[in-house]
Amino acid sequence: MKTVLAYGDSLTWGYDPVSLGRHAYEDRWTSVLQKALGHGVRVIAEGLNGRTTAYDDHLGDCERNGVKLLPTILATHKPIDLVIIMLGTNDLKRGIQGTAIGATSGAKRLVKQVQKHDWGFEFEEPEILIVAPPPIRETANSVFGAMFNHSVGEGAMLAGMYRDAADEAGCAFFDAGSVAETTPLDGIHLDAENTRAIGRGLEPIVRMMLGL
């Protein structure tokens with residue numbers, strides 16, 4: 001049995017911008033990936049609304065700083081064959097960090113946490129796949145627009161910076177924006193079809209990385 005840990009934010013949790021709730025289980029990209037890979041692989045969906053790569057959000061009622069939680073999550077689920085990291089959108093939020101370079105620095109920190117983790121029990125270090133989230137877009141939504149519209153330009157640079165960071169760290173890279181786009185309803189989230197598309201788009205590279 002191969003184990004894949006998907007570490008992300010609301011795009012991994014499955015926030016539905018239409019119903020303002022959660023996508024059906026079968027529509028979440030982690031579920032689509034799980035179904036495509038079959039019973040020999042277990043995909044663990046660790047998505048949290050508002051999660052950042054490495055920055056505090058004191059307005060949340062839970063810990064949203066990705067680097068503070070990742071070591072515990074790695075220890076909880078080990079052994080792990082592949083860690084997929086898809087974070088960075090919330091780093092662009094006004095009052096959090098706001099820049100693509102800041103999100104990239106946070107993603108690099110997460111990669112190092114995986115690489116330096118004490119796996120123990122002679123478990124092997126997992127492969128790492130960095131996924132750039134689909135670019136944010138300007139929205140007329142007053143709440144999300146106030147938080148993210150100022151960072152649309154920064155969001156457009158995220159994929160290129162993540163690709164370079166993955167090359168430097170010896171990780172794999174996937175641009176989710178190549179298969180999915182955010183909805184104009186709020187500028188950052190995905191409708192059901194676009195979240196399913198990420199699962200379909202990831203299948204070939206995940207298969208290759210797991211040796212399937």
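Predicted model: local features only at pLDDT ≥ 70, side-chain atom pairs only at ≥ 80, totals over all residues.

Tutor: Residues are numbered from 1 along each chain as its sequence is written, and side-chain values use heavy atoms, with hydrogens and water left out.

Student: What makes Glu 181 and Arg 137 a salt bridge?

Tutor: The term requires a side-chain nitrogen of Lys or Arg within 4 Å of a carboxyl oxygen of Asp or Glu, and the closest N and O atoms of Glu 181 and Arg 137 are 3.6 Å apart. The pair links distant parts of the chain, 44 residues apart, with Glu 181 in the loop between β7 (172-175) and α8 (192-210) and Arg 137 in the loop between β6 (127-132) and α5 (142-148); helices (H or I, at least four residues) and strands (E, at least two) are DSSP runs numbered from the N terminus. By this rule the count comes to 9 salt bridges.

Student: Why is Arg 137 called partly exposed?

Tutor: Buried means under 20% relative accessible area and exposed over 50%, with partly exposed in between (1.4 Å probe, protein chains only); Arg 137 has 29% relative accessibility, so Arg 137 counts as partly exposed.

Student: How do you know that Glu 203 and Arg 207 are separated by about one helical turn?

Tutor: They are 4 residues apart in helix α8, and therefore about one helical turn separates them.

Student: Why are α2 and α8 called oblique to each other?

Tutor: Angles under 35 degrees count as roughly parallel, over 145 as roughly antiparallel, 65 to 115 as roughly perpendicular and the rest as oblique. Helix α2 (residues 29-37) and α8 pack at about 40°, with their axes 7 Å apart, where axes are lines fitted to C-alpha atoms, for helices over the stretch in contact, and angles run from 0 to 180 degrees between N-to-C directions. The two helices are therefore oblique.
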